[in-house]
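Subject: Structure handover

Hello,

Here is the structure I promised to pass on. Please open it first, then read the notes below it.

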Amino acid sequence: MSSLQNKVIWITGASSGIGEALVYECAKQNAKIILSARRESELVRVAKSANLTTSNFLILPFDLSDTSQVKELAQQVVSTFGRIDILINNGGQSQRAEAIDTPSETERTLFEINYFSAVNLSKAVLPFMLKNKSGKIVVISSIAGKFGFYLRSSYSAAKHALHGYFESLRLEVENKGLSVLLVCPGKVKTNVSLNAISSSGDSHNKMDESHENAMSAQECAQQIIAGILNDKEEILIGGKELLAVKIKRFFPKLFGKIIRKQSPY
Ligand SMILES: NC(=O)c1ccc[n+]([C@@H]2O[C@H](COP(=O)([O-])OP(=O)(O)OC[C@H]3O[C@@H](n4cnc5c(N)ncnc54)[C@H](OP(=O)(O)O)[C@@H]3O)[C@@H](O)[C@H]2O)c1
């Protein structure tokens with residue numbers, strides 16, 4: 001793909017953080033953008049800040065944990081713009097609670113938001129992409145999709161599950177003109193820790209120190225766009241925390257020692 005000009009790009013989690021930054025980067029390249037998240041007023045704010053003209057964007061608010069309407073929403077996008085070129089499954093919610101304290105209801109919610117939402121939305125979009133013999137599905141996983149970590153048992157499990165599902169899907173659709181990009185951010189400065197679900201089911205409501213001093217959402221979004229344009233299959237984005245992925249792969253015992261010494265925050 002040489003540019004995003006006139007590409008129809010659907011971004012979930014577009015009301016904040018990485019998704020908001022993706023909207024700005026895609027708008028700079030004159031893409032047609034569908035913005036989704038729960039908070040409609042925030043989506044309107046983002047569309048305004050991105051200077052999108054009426055014919056170039058569509059706001060589709062919905063809750064990722066409610067998959068009942070995704071087929072209709074996909075149809076609405078195609079009725080408006082004629083096709084869907086890129087779906088970016090970005091919306092998500094992290095966790096800050098020990099496994100023992102996390103009720104099974106919360107575990108299921110974390111899977112609905114971080115795993116099933118991406119699967120269901122992708123399946124709603126796939127028939128249109130297959131018909132066009134063209135399309136890219138982008139999935140924002142995490143380095144927590146590469147190794148487990150304190151206070152993130154269900155979040156990490158849901159992110160790991162994304163890899164199994166979307167690596168399989170890639171094999172099934174790549175000879176039909178479609179591609180899949182898995183993105184694993186490390187630490188990015190967003191509200192992800194504030195919005196993380198705690199053991200009570202409420203928001204954690206604290207900014208983790210490691211996120212406070214992390215890469216900007218804008219830089220992360222620019223690297224995601226580069227991954228899309230360069231037709232990558234998987235990219236890692238972040239700072240020195242990414243080393244852990246390589247250390248786990250090549251020196252698993254050393255990884256075990258290092259990971260135990262890290263702060264959960
Ligand atoms: N920041 C990091 O360090 C980091 C690292 C690795 C992976 N990630 C991943 O990056 C993605 C974006 O997170 P972020 O860092 O940008 O965090 P964020 O600022 O908290 O943004 C999360 C976005 O997801 C949306 N969202 C959350 N729950 C939703 C629901 N039930 N239904 C619909 N939309 C929902 C939120 O919108 P509403 O509240 O308006 O619904 C918001 O737009 C997530 O998948 C996250 O797991 C982030």
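Let me start in the sheet. E7 and E11 run parallel and are joined by 4 bridges. Leu182 has Glu234 of E11 as its bridge partner. Strands count as paired if DSSP finds at least two bridges between them. Helices (H or I, at least four residues) and strands (E, at least two) are DSSP runs, numbered from the N terminus.

Before going on, the ground rules. This is a predicted model, in which local features need pLDDT of at least 70 and side-chain atom pairs count only at pLDDT 80 or more, while totals for chains, interfaces and linings use all residues. Residues are numbered from 1 along each chain as its sequence is written, and side-chain values use heavy atoms, with hydrogens and water left out.

The strands

Strand E7 covers residues 178–185. Of its 8 residues, 7 are buried. Buried means under 20% relative accessible area, exposed means over 50%, and partly exposed lies in between (1.4 Å probe, protein chains only).

E7 also runs parallel to E6, with 6 bridges between them. There, Gly135 has Leu178 of E7 as its bridge partner. E6, H5 and E7 form a right-handed β-α-β unit. Right-handed here means that, with the strands pointing away from the viewer, the path from the first strand over the helix to the second runs clockwise.

E6 pairs with E4 as well, in the parallel sense, over 4 bridges. Ile11 sits opposite Ile88 of E4.

Which way do the residues of E4 point? Ile86 and Ile88 point one way, and Leu87 and Asn89 the other. All of them are buried. In a regular strand the side chains alternate between the two faces of the sheet.

The cavity

There is 1 cavity of 30 Å³ or more. The search used a 1 Å grid over the protein atoms alone; a cavity is a set of points where a 1.4 Å probe fits but cannot get out, and lining residues have an atom within 4 Å of a point. Grid points are joined across faces, edges and corners, and the volume is the space filled by probe spheres set on the points.

The largest cavity holds about 60 Å³ of space. Its lining has 13 residues, and Asn89, Asn90, Gly91, Ser117 and Ala118 lie nearest the centre. Helix H4 (104–132), strand E6 (135–140) and helix H5 (153–173) each supply at least two lining residues. H4 gives the most, with 4.

What is the lining made of, by class? It has 6 nonpolar, 6 polar and 1 charged residues. Ala, Val, Leu, Ile, Met, Phe, Trp, Tyr, Cys and Pro count as nonpolar, Asp, Glu, Lys and Arg as charged, and the others, Gly among them, as polar.

The aromatic rings

There are 6 aromatic pairs. Rings of Phe, Tyr and Trp (its six-membered ring) pair if their centres lie within 6.5 Å; planes under 30 degrees apart are stacked, over 60 edge-to-face, and the rest tilted.

Tyr115 and Phe116 make an edge-to-face pair, 4.9 Å centre to centre with 70 degrees between the planes. Tyr115 is buried at 13% relative accessible area. Phe116 is partly exposed at 36%.

Tyr165 and Phe166 are also edge-to-face, because their planes stand at 70 degrees, with ring centres 5.0 Å apart. Tyr165 is partly exposed at 24%, whereas Phe166 is buried at 0%. Ring pairs link Phe111, Tyr115, Phe116, Tyr165 and Phe166 into a cluster.

Two backbone points

Most residues other than glycine have a negative phi. Leu151 has a positive phi of about 65 degrees, and it is not a glycine. Leu151 sits in the loop between E6 and H5 and is buried, at 14% relative accessibility.

Asp231 is not a glycine either, and has a positive phi of about 55 degrees. Asp231 lies in the loop between helix H7 (217–229) and strand E11 (234–237). Asp231 is partly exposed, with a relative accessible area of 47%.

One last residue

Leu22 belongs to helix H1 (residues 17–28). Leu22 is buried, at 0% relative accessibility. Leu22 and Ser198 are 176 residues apart along the chain, and their C-alpha atoms are separated by 27 Å.

Best wishes

How values were computed. On a 1 Å grid over the protein atoms alone, a cavity is a set of points where a 1.4 Å probe fits but cannot get out, and a pocket is an open set with protein on both sides within 12 Å along at least five of seven lines; lining residues have an atom within 4 Å of a point.
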